[in-house]
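Please take a moment to look over the chain shown below, and keep it in view while the text moves from one part to the next.

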Amino acid sequence: MSAGAVATAAAVRDAQGVEAGCFHCSEPLPAAPATAHVDGQSRRFCCDGCAAAAQWIRDANLVDYYRLRSQPAGRAAVDLEAQLAAFDRDDIQAGHVRDVDGGREITVLTDGMRCAACAWLIDRAVAREPGVVEVVANAVTGRVRITWDQSATALSGPLRRLAALGYVPWLATGTDRERERRAQRNRDLVRIGIAGLASMQAMMFAEALYLDIHQQMPVATRDFLRWITFLVSTPVVFWCGWPFIAGMLRELRNRHPGMDTLIASSTLLAYFASVWETLRGGTHVWYDAAVMFVFLLLGARMLEQRARRIAVAQVDTLARARPALSTRELADGSREVVPTASLVAGDIACVAAGDAVPADGRLLDAPARFEEALLTGEAHPVLHQPGDTIYAGTVCREAPARILVERVGAGTRLSELETLVERAQSHRPRVAQLADAISGRFVAGILVVAVLVYIGWRFHDPSRALEVTLALLVISCPCALSLAVPTAITVAHGALAKLGVLANDADALGSLAAATDIVFDKTGTLGSGRPTLARVEAFGGLDVEDVLAIASALERDSLHPIARAFDGQDAGLGAVDVEEHPGQGIAGTVEGRGWRLGRAEFAAGRADDGALWLGDGAEAAARFVLEEPPRADAAAAIAALRGQGIDVHLSSGDAAGPVTAFADRLAIDRAASRQSPEDKLAGVRGLQAGGRVVAMVGDGLNDAPVLAGADVSIAIGSGAALAHRAASLVLTAPSLLRIPAAVALARRTRAVVRQNLAWALGYNLVAIPLAAAGLVTPWVAALGMALSSLIVTVNALRLARVPAP
């Protein structure tokens, strides 16, 4: 055990060597910590739950857990009885529990399992519970599979023990997809395993036949070896190789021959030609080439699937983030545990500390901290005030919270993220479509060339005609060409998701890699998005409180960042017939009178001075001076973009004075003020007319025209931006450093695609003439083709390594 592991295995100690944290979970100790004797020493604990867990571990003779662990345990739960009892309900178990020999089986998740010692403890502790048949804990995935006898115990029994040790369980969502993927992976492993064993046997028998150079082997021995190889090869060709045969049938039905057509036709040609030669006692058989072809291609395909699994990992994480169970508060104040799918808008969801939020809604009662890393990439829990929007999938920390549910199911931000990721991974950019088109024509051309080569060799050396043709078909299979682009793009989308950037356009990566200029909006983009009121002036007999209340009522339901400056100032007033005027302001009726809030000429009919005005369109009622500081990472992001050779522009609807000062603060030389959405679009069109490739970054609220008109557009993360389909890319959080990181990844992706295409085309230009000249045997051709596919796949996998922005 390393010194670091020993250090983390014990409770945190202060400078005097006294335990400064809970012995069980290392959480900070309260003023009056609980105590218990463990391993002959008095230990201190943060709560009675952790003390009870430690005592149970001691009494069960499992105290070695504290010596073996390399990370502290999770805090033991003491008030989960209602949630654990809900696990016994049939409606909760539906879709998660299956019948097996000896009882029933379920897989639950827990985020407290942090090292192998945790899995060791769970396996032994839960297995001792009455009625438990089997327990398998996986410290890597955080999953615990439990098989129990329902006639001897309810499911809540072993789960109660799990929670008491600090490993709070919850149902794994998205289990059907995960189970199917696991079953498919197991089938693939069996296929490649059988193909590998058969390939070794077939090559062994083939070697004996190849070494019979002078044809001295007795005919009976030769035929025996051939028939044995036939028996070994048949299941490989038709079962292990069935995915390729099925793919060929699909391609032929669609009249679009592709990679699977060449793979399957080559394999079947080698197999049936060998069967024919075996039956008639011919000179050569090629069983070894057929099985080696299948084995090597299965290996290459598994690597490709691994690349795709890396890319879809973000979707799986998002799918599992929403809890399967939720606690709902009833009208009489009592609570019930229900499936999350049964929540509706207007319900009150009660979220315990450490639990995930089940739906989007508003925070009630008191401030609370929520961990939003999955959705926004924010590393630390964020403090939210009552009235703030809380998103599904975020995790409540420190204290419980009550959420007024507003959006559920597919309407949540979490579901929007999942949809964006899935859409990005299903898109095929133009370069991939071009590669597919080339691949299809290439296959058709190779089939014609193969016929001509066969005819030519029938005249030159009839005994080698079939062998040479087979080698040509195998070595020319466009696997590398077909994988060159989609594998790189798929891995890149997965890497983008890790960065917190989701693609909404198939060609976004290519356009971003070519970008020469980037145009930023100011408010809510480069600015912090939280403008503050620096000065308020009231006119026409109204006082400051009156005008603030009117402005707040107008802005109450607005998503524009300026609305945040008036939060909580409405004094109970309500606004009706509210209408936003992009680039001008907002209008509505408050207390029976029509009001406008926005630019001076729009709201008060006077010359604009850069401030925000309140009026009826003709007369002024108030003047508001707002200040918006830049985001903390704005300067660093702009410097990084300049370092990448990209020219940075600022385009804002604000007045010249604030925009110039803001641009000077961030060292932006090109700044345009008083820009309406149409003006912003015209500015982008002007850059494009000069041959520039323009990226636009906006908040997705008033920038729809320019986001759609730019070569590539990036929407800063907000609920509205995620729903806005005009953007090519969406940031899941307003961290601007993600933008230069995405540019760097896009350029790396472009380089990898070019490398893969160059390799695939170069390989075929060299390999096809060699095969046609008869210089390559079929099994060597299979090896070369598989290695070519392996090279482009491994090269694409390099994109998965993404440094944190």
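Thr-327 has Cys-350, in strand β10, as its bridge partner. This is a predicted model, and in it the two residues belong to a pairing between strand β8 (residues 325-329) and strand β10 (residues 348-351), which run in the antiparallel sense and are joined over three bridges. Both strands are part of an open sheet of six strands, whose order is β9-β8-β10-β16-β11-β14 and whose pairing is antiparallel. At the edges of this sheet stand β9 (335-339) and β14 (389-390), and because each has a single partner strand, one side of each is left without a neighbour in the sheet.

The structure holds zero disulfides. Cys-350 has a relative accessibility of 9% and therefore counts as buried, since the cut-off for that word is under 20%. Cys-240 is buried as well, with a relative accessible area of 0%.

Cys-240 brings us to a pair of helices, for it is one of the residues through which helix α9 touches helix α10. Helix α9 (residues 219-240) and helix α10 (residues 242-253) pack at an angle of about 50°, with their axes 5 Å apart, and the two are therefore oblique to each other. On the side of α9 the contact is made by Val-237, Phe-238, Trp-239 and Cys-240, while α10 contributes Trp-242, Pro-243 and Ile-245. Sorted by class, the residues of this contact are seven nonpolar, no polar and no charged.

We can now turn to another sheet. An open sheet of seven strands has the order β17-β29-β28-β27-β18-β25-β26, and its pairing is mixed. Its edges are formed by β17 (501-503) and β26 (670-672), each of which has a single partner strand, so one side of each is left without a neighbour in the sheet. From one strand to the next, the twist averages 20°. Within this sheet, strand β27 (residues 694-698) and strand β28 (residues 712-715) pair in the parallel sense over four bridges, and Met-696 stands opposite Ser-713 in β28. Helix α24 (residues 677-689) packs on the sheet, where it touches β18 (517-520), β25 (647-651) and β27, and its direction makes about 160° with that of β27.

The last stop is a run of hairpins. Strand β20 (residues 575-581) pairs with strand β21 (residues 585-590) in the antiparallel sense over five bridges, and Ala-575 has Val-590 of β21 as its bridge partner. Three residues lie between the strands of this hairpin, in which Gly-583 takes a positive phi near 80°. Strand β21 also pairs with strand β22 (residues 593-598), in the antiparallel sense and over six bridges, with Leu-597 in β22 as the bridge partner of Ile-586. In the hairpin of β21 and β22, two residues lie between the strands, and Glu-591 takes a positive phi near 55°.

Definitions and conventions. Residues numbered from 1 in each chain as written. Predicted model: local features only at pLDDT ≥ 70, side-chain atom pairs only at ≥ 80, totals over all residues. Heavy atoms only, no water. Axes fitted to C-alpha atoms, helices over the stretch in contact; angles between N-to-C directions. Parallel < 35°, antiparallel > 145°, perpendicular 65-115°, else oblique. Contact = heavy atoms within 4.5 Å. Nonpolar A, V, L, I, M, F, W, Y, C, P; charged D, E, K, R; others polar. Disulfide = S-S within 2.5 Å. Buried < 20%, exposed > 50% of the residue type's maximum accessible area, 1.4 Å probe, protein only. Pairing = 2+ DSSP bridges.
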